[in-house]
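Let's walk through this one together, starting with the overall make-up and then moving from piece to piece. Have the viewer open as you read.

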Amino acid sequence: MSRPPSRRSPAPQRSFPARLLTGVLQAGLVVGLMGLIALVIGVAISYAGLPDYDTLQRSPNGQSIEVRAADNSVLVSLGPSYGEWMPHEAIPDSMKNAIVAIEDKRFRMHPGVDPIGMSRSFVANMQSGRKGQGGSTITQQLARNLFLTSTKTFARKGREIILALALERKFSKDAILELYLNRAYFGGGAYGIDAASRKFFGHPATRLSTAEAAIIAGLVQAPSRYAPSANADAARRRARTVLAVMVNTGALSAAEAEAADPLSVPFVGQSRQAGARWFTDWVIGQLDELIDEPFAPLQVRTTLDPRLQAAAEAAIAAEAPKGSEGALLAVARDGSVKAMVGGRDYVRSNYNRAVTARRQPGSAFKLFVYAAAFEAGLTPEDVVEDKPITIGTWSPRNFNRRFLGPLTLRQACAQSTNTVAVALAAQVGFDAVADMARRFGITTPIDRRPAMALGASDVTLMELTQSYATVANNGTEARPFGITRVSTGDGAILYERDNESGRVVVAPVIAARLTQVMQAAVESGTGRAAQIGRPLAGKTGTTSSSKDGWFLGFTTSLTTGVWMGRDDARAVPGLGGGLAPARAFAQFMARAVGGTPPEALNTEIIGSDDPYLIEPDAEVYGLSPEDAPYQTEPYEVAPDPALDNPRLDSEWLERAVNQ
């Protein structure tokens, strides 16, 4: 009898969660395997693309710029500063132990990435709810410093890990540590332990003590916060933490850590040329126009005189009214800038009021009115009458609300008489005055309505100082410049200024006449507070409601412009060009030219008898003989009277003004 076929018992059915878990594990294995393969491929590609060690050693990141004064002293060093390269065997053991202890305890054990450190960092950050700890090893930090940016993204972190693994495959631990200690940023512009040691302690890194090494090692976490140049106390406190960690890791004994007292470490005084930063910012901004070198370290030789710069800063600090700002610019006869102050405190405000700020110049703008008048044929001894004048619906008035009657142009300029200036501008033409300002180098918009004769248009201190320096230079342009030479760190010259003469702006005879009337302004007029006991010419300027005060003047060798006022253009009680600005000018100039023999100003009239003073090269001025007079309706210019009239002497004018 045949046996019936046997039946197999069905396999027990697994639950859905079990099947899901199995699927997830299988997928995870596949993804992990694929990730591992991708990681290996990525590391291999990165390994193949890594530069050799010599290339990494020779290629610092960023361009360093060192700006030097005329006497070759360093004004400012910007960008990375690298010291001598320190081979691994020359680096003190205390330095190597300190950096490993505080930054990467398992440096000698991991393959470039420390899973333990990353896990600890992840847990700590999750607990705190923010990214408070990093898990980067020394190798990862080196990869980031050499090849990546500091942006905190997962993509950057992934690339950092791949590069770190590749670096560990290509270089030894000692080589990686050597690269790191020579390339890490330690604050104050110092890259590498030798630069940091020289900057903060004044000696090379080969002489680092244990306490000094702990200070440097502690800077890596936050260079801007812990650097001795920023906060010496914070640097010492951080070093105590480093020493404690070194004791915990066995790198130091407790006794050695106690002996290495960071509180007893002296720091080298850091140079603080804050006042010169307005000048250095100005010249650095010009480098792109002069050279095309984006990588090599640069040395920039400038015209700044540190002695004059200190005097300029002291003058503004002493004389600028409380609550106001001040600016000063001093240029030599050739236009070389010797001092520049852009405000009262660069650290508080780096806005450069000597170069950038546009303010109304008040009567300092009358330079262009008198220049146009003299070019039209008038002379300092011609007489006009100070009397009421109305143009349209506008009636300008003098500061003292009085009229002085007949005045020579020399006396009118000395007393800064408004009605005479407006009358002269009307006579020669307001367009002629505006064109004269353009010729002298004023590039800001000029309002050509009658009030422009009294300085209703905004100008910069630099351009106005340039205009007065042009007069001092006998009518030849004296455009301000600050850079004389730019070279690379190894001495290759990239730019050197040519000592070429500037263009002729006005004829020497016009410059001489302008000097005459402005010398009178200092000797007997509104600029008397600027006197320094030697020949001097200059002009005051005060705007309505005392919002701006100006004084600009020159000796034979130096032209200086001073502005004072508030950034918000509010009135400054008692501010006038003949007061605080003139006093600051005098204080500065007395120090700047003191000790040199006084020289007479160039006021001698040597030139043509042509009443319009048109030279053969008149096209230099943009003129033609037909355009010379620029005359509109005449304004009662009387013939030259007897100059011994007692009513016209300076003593009478002084009494009249002060009544």
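The protein chain comes to 23 helices and 14 strands, where helices (H or I, at least four residues) and strands (E, at least two) are DSSP runs numbered from the N terminus. Bear in mind that this is a predicted model, in which local features need pLDDT of at least 70, side-chain atom pairs count only at pLDDT 80 or more, and totals for chains, interfaces and linings use all residues. Residues are numbered from 1 along each chain as its sequence is written, and side-chain values use heavy atoms, with hydrogens and water left out.

Of the 659 residues in the protein chain, 50% count as buried; buried means under 20% relative accessible area, exposed over 50%, and partly exposed in between (1.4 Å probe, protein chains only). As for contacts (heavy atoms within 4.5 Å), take those in the chain with a separation of 6 or more: 71% of them are between residues 24 or more positions apart.

Now for the nonpolar cores, each a set of buried Ala, Val, Leu, Ile, Met, Phe, Trp, Tyr and Cys residues joined through side-chain atoms within 4.5 Å. The largest has 83 residues, and those with the most contacts inside it are F368, Y370, V433, F440, L464, L514 and M518. Helix α16 (residues 366–375) gives this core its largest share, eight residues. Click on L514 to see some of this: leaving aside neighbours within four places in sequence, L514 is in contact with L367, Y370, A371, F374, F440 and V471. Apart from this core lies another one, of 59 residues, with M86, A196, A213 and V220 among them.

Next, go to helix α5 (residues 138–147). Why can we call α5 largely enclosed by the rest of the structure? Because eight of its ten residues are buried. Those buried residues are I138, T139, Q140, Q141, L142, A143, R144 and L146, and they pack against α2, α3 (93–103), α6 (154–170) and α7 (173–183).

Helix α2 (residues 53–58) is worth a stop too, with R58 in it. R58 is exposed, with a relative accessible area of 61%, and its C-alpha atom is separated by 9.6 Å from that of W85, 27 residues apart along the chain. Q57 also lies in α2, but this residue is partly exposed, at 30% relative accessible area. The C-alpha atoms of Q57 and W85 are separated by 8.2 Å. Not counting residues up to four places away in sequence, Q57 touches W85 and L179.

On to the strands, where two count as paired if DSSP finds at least two bridges between them. Start with β12 (residues 537–542), a mostly covered strand with five of its six residues buried. Six bridges join β12 to β13 (residues 548–554), and the two run antiparallel; K539 stands opposite L552 in β13. The two strands form a hairpin with five residues between them, and S545 in the turn has a positive phi of about 60°.

W550 stands opposite W563 in β14. On its other pairing, β14 is joined by eight bridges to strand β6 (residues 325–332), again antiparallel, with V562 as the bridge partner of L328. How many of the eight residues of β14 are buried? The count is eight of eight. L558, T560, V562 and M564 point one way, while T559, G561, W563 and G565 point the other way.

A569 has a positive phi of about 60° although it is not a glycine, and it is partly exposed, with a relative accessible area of 34%. N474 has a phi near 60° too, and is likewise a residue other than glycine. You'll find N474 in the loop between α20 (461–472) and β10 (483–488), partly exposed at 23% relative accessible area.
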